[in-house]
Amino acid sequence: MCTYCMQYGHGHEWYLNPENYTERARQMPHVVESGMIEIFGGNGKMDLEIGTAAGFDMLIPDLSDKENIEALNALAPSRHGGQIVTIEEVRKIIDLSEGDHLLYVPCYCRQYFGAVERLTCLWLYPVSKMVQKNRPWEPQKEVSKTEAKKQQQSFHEEGLVAGIYWTPLPIPMVICNCEFPYCMAMRARRHYGLTNVTRKGHYVARIDNNLCDGCRGRGAGGGGAPRCVSRCQFGALTYSPTDRKVVVDQHRCFGCGVCQVACRKGAIRLAPRRTLPAVAEEF
């Protein structure tokens, strides 16, 4: 189990601990002092997110500057970061959020890096209510928990990667539905190795070789171009021309499960990370 789960999970993953969704948790001194809930629920959100996106490369101009990278990585738990989750965990998070409704708002990573406006950030209580009051001019869509689950399933089938992000730890505050090359958090992990900005999930994909046929003879996407490989945002899946099957690099897998939903043969399953000694502590 990851360090944050041991510290804040009380026997659960940190984002599945019901206590972390309560007002009592939001009143912990370090949470109040951070001011992050007020920032994301108020008018400072865009300045923070777009400012970070615009200045990120300047913060780490030299990839050999390990000291600066480690300092930024250490800052994430007290500010903003998150962890990849499965669609099943997303449904549990939605149920744990206080209140009956949640709120989709635009992803500013997509707007900054791609000039694309999509309502793919699902904010939980209390930010979901604060945004409606403080930023009524912002494009937004209030949804019931049932509607949110349906939309999340649609995003999952599309191939977007779900992550639960804190503001700060251990407060689960937003489900981001991310993709490269837009997601700033995923870019920070892949480009700079900032593990605390986007941590790997608690599951790892595994291939059943008896079921995998490499998508041969199934029309578009067949013949050595498996659908699951093109879905993976982390480069964890490779097609073997010799075996004509897909291979998983478990060290690269983040456990999002978007490969699983793309497999029409049912050859992919998600195994708990803790059951695989080689990657059990890789987050």
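**A guided reading of the predicted fold**

In this predicted model, the mean positions of the 34 positive and 30 negative charges of the protein chain lie 8 Å apart. Lys and Arg count as positive and Asp and Glu as negative, with His and the chain ends not counted; each charge is placed at NZ of Lys, CZ of Arg, CG of Asp or CD of Glu. Local features need pLDDT of at least 70 and side-chain atom pairs pLDDT 80 or more, whereas totals for chains, interfaces and linings use all residues. Residues are numbered from 1 along each chain as its sequence is written, and side-chain values use heavy atoms, without hydrogens and water.

The chain as a whole comes first. A compact globule of 283 residues would have a radius of gyration near 19 Å, and the protein chain, at 19 Å, agrees with this; the radius is taken over C-alpha atoms, and the globule rule is 2.2 Å times the number of residues to the power 0.38. The C-alpha trace spans about 55 × 45 × 40 Å along its principal axes. Of the 283 residues, 51% are buried, that is, under 20% relative accessible area with a 1.4 Å probe, protein chains only. Among contacts (heavy atoms within 4.5 Å) with a separation of 6 or more, 70% join residues 24 or more positions apart.

The secondary structure comprises 13 helices and 11 strands, which are DSSP runs numbered from the N terminus (helices H or I, at least four residues; strands E, at least two). Strand 5 is mostly covered, with 6 of its 6 residues buried. In a regular strand the side chains alternate between the two faces of the sheet. Here Val161, Gly163 and Tyr165 are buried on one side of strand 5, and Ala162, Ile164 and Trp166 on the other.

Strand 5 pairs in the antiparallel sense with strand 1 (residues 81–84) over 4 bridges, pairing being defined by at least two DSSP bridges. Strand 5 also pairs with strand 6 in the antiparallel sense, over 6 bridges, and a hairpin through 5 residues joins these two strands. Tryptophan 166 is the bridge partner of glycine 81 and also stands opposite proline 172 in strand 6.

Helix 11 (residues 184–192) is largely enclosed by the rest of the structure, because 7 of its 9 residues are buried. These are Met184, Ala185, Met186, Arg187, Ala188, Arg189 and Tyr192. Their cover includes strand 5 (161–166) and strand 6 (172–178), together with helix 5 (45–59), helix 6 (66–75), helix 8 (108–114) and strand 7 (198–199). Just after helix 11, glycine 193 adopts a positive phi of about 75 degrees.

Methods: Buried means under 20% relative accessible area, exposed over 50%, partly exposed in between (1.4 Å probe, protein chains only).
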